[in-house]
Amino acid sequence: LASSSADRRICFWDVSKITAPQTPQDEEDGPPELLFMHAGHTARISDLSWNPVHGEDWVIASVAEDNVLQLWRVAEPVYRDDASMDDDTQA
């Protein structure tokens, strides 16, 4: 799930992590369901879109009210769980 708001940020959420336990250190970073926050725009965001191409699922286009279009990719460690990352490094 992605959301944007007048604060010029786009947030990615994993709703399966709502109410997941957190350490006090993790609580400083926000709620457990918040995966990532993109704060690259300098004006209010007016639209965002996921890339529809299979295999490029985490490429996003976002545009702000100042007509600046940003194309960006979310880093893989953000959306992959720790267990699957560990499996890849051991292979």
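**Salt bridges, pockets and loops in a predicted chain**

Modeller: Arg44 has a relative accessible area of 44% and is partly exposed, a class between buried (under 20%) and exposed (over 50%), with a 1.4 Å probe and protein chains only. The model is predicted, with local features requiring pLDDT of at least 70 and side-chain atom pairs pLDDT 80 or more, while totals for chains, interfaces and linings use all residues. Residues are numbered from 1 along each chain as its sequence is written, and side-chain values use heavy atoms, without hydrogens and water.

Biologist: Which residue forms a salt bridge with Arg44?

Modeller: Side chains of opposite charge can pair when their charged atoms come close. The criterion is a side-chain nitrogen of Lys or Arg within 4 Å of a carboxyl oxygen of Asp or Glu. For Arg44 the closest N and O atoms are 3.5 Å apart, and the partner is Glu65.

Biologist: What is the N to O distance in the salt bridge of Glu76 and Arg80?

Modeller: The structure holds 2 salt bridges. Glu76 is partly exposed at 36% relative accessible area, and Arg80 is also partly exposed, at 23%. Their side chains meet at an N to O distance of 2.3 Å.

Biologist: In what order do the elements of the protein chain run?

Modeller: The protein chain has 3 helices and 6 strands. Of its 91 residues, 19% count as buried. From the N terminus on, the order is β-β-α-β-β-β-β-α-α.

Biologist: Which element gives the largest share of the lining of the largest pocket?

Modeller: A pocket is an open set of points on a 1 Å grid over the protein atoms alone, where a 1.4 Å probe fits, with protein on both sides within 12 Å along at least five of seven lines; lining residues have an atom within 4 Å of a point. The largest one has a volume of about 210 Å³, counted as the space filled by probe spheres set on points joined across faces, edges and corners. Of its 11 lining residues, Lys17, Leu35, Pro77, Val78 and Arg80 are the closest to the centre. β3 (34–38) and α2 (76–79) each supply at least two lining residues, and the largest share, 3 residues, comes from α2.

Biologist: How many charged residues are in the lining of the largest pocket?

Modeller: Charged means Asp, Glu, Lys and Arg; nonpolar means Ala, Val, Leu, Ile, Met, Phe, Trp, Tyr, Cys and Pro; the others, Gly among them, are polar. The lining has 6 nonpolar residues and no polar ones, and the number of charged residues is 5.

Biologist: Which element gives the most to the lining of the second largest pocket?

Modeller: This pocket holds about 150 Å³ of space. Its lining includes Gln22, Asp26, Leu34, Leu35, Phe36 and Met37. By class, the lining divides into 6 nonpolar, 2 polar and 2 charged residues. The element that gives the most, with 4 residues, is β3.

Biologist: Where is Asn67 found?

Modeller: Most residues other than glycine have a negative phi. Asn67 has a positive phi of about 70° and is exposed, with a relative accessible area of 69%. Arg8, in the loop between β1 (2–4) and β2 (10–13), has a phi near 70°. Asn67 is found in the loop between β5 (59–64) and β6 (69–73).

Biologist: What is the area of the nonpolar surface patch made by Leu1, Val15 and Ile18?

Modeller: Patches use residues with over 30% relative accessible area and no salt bridge, joining like charges within 9 Å and nonpolar side chains (Val, Leu, Ile, Met, Phe, Trp, Tyr) within 5 Å. Accessible areas come from the Shrake-Rupley method with a 1.4 Å probe, and for residues only the protein chains shown count as cover. Val15 lies in the loop between β2 and α1 (24–27) and is exposed at 55% relative accessibility. Leu1, Val15 and Ile18 make a patch of about 310 Å².
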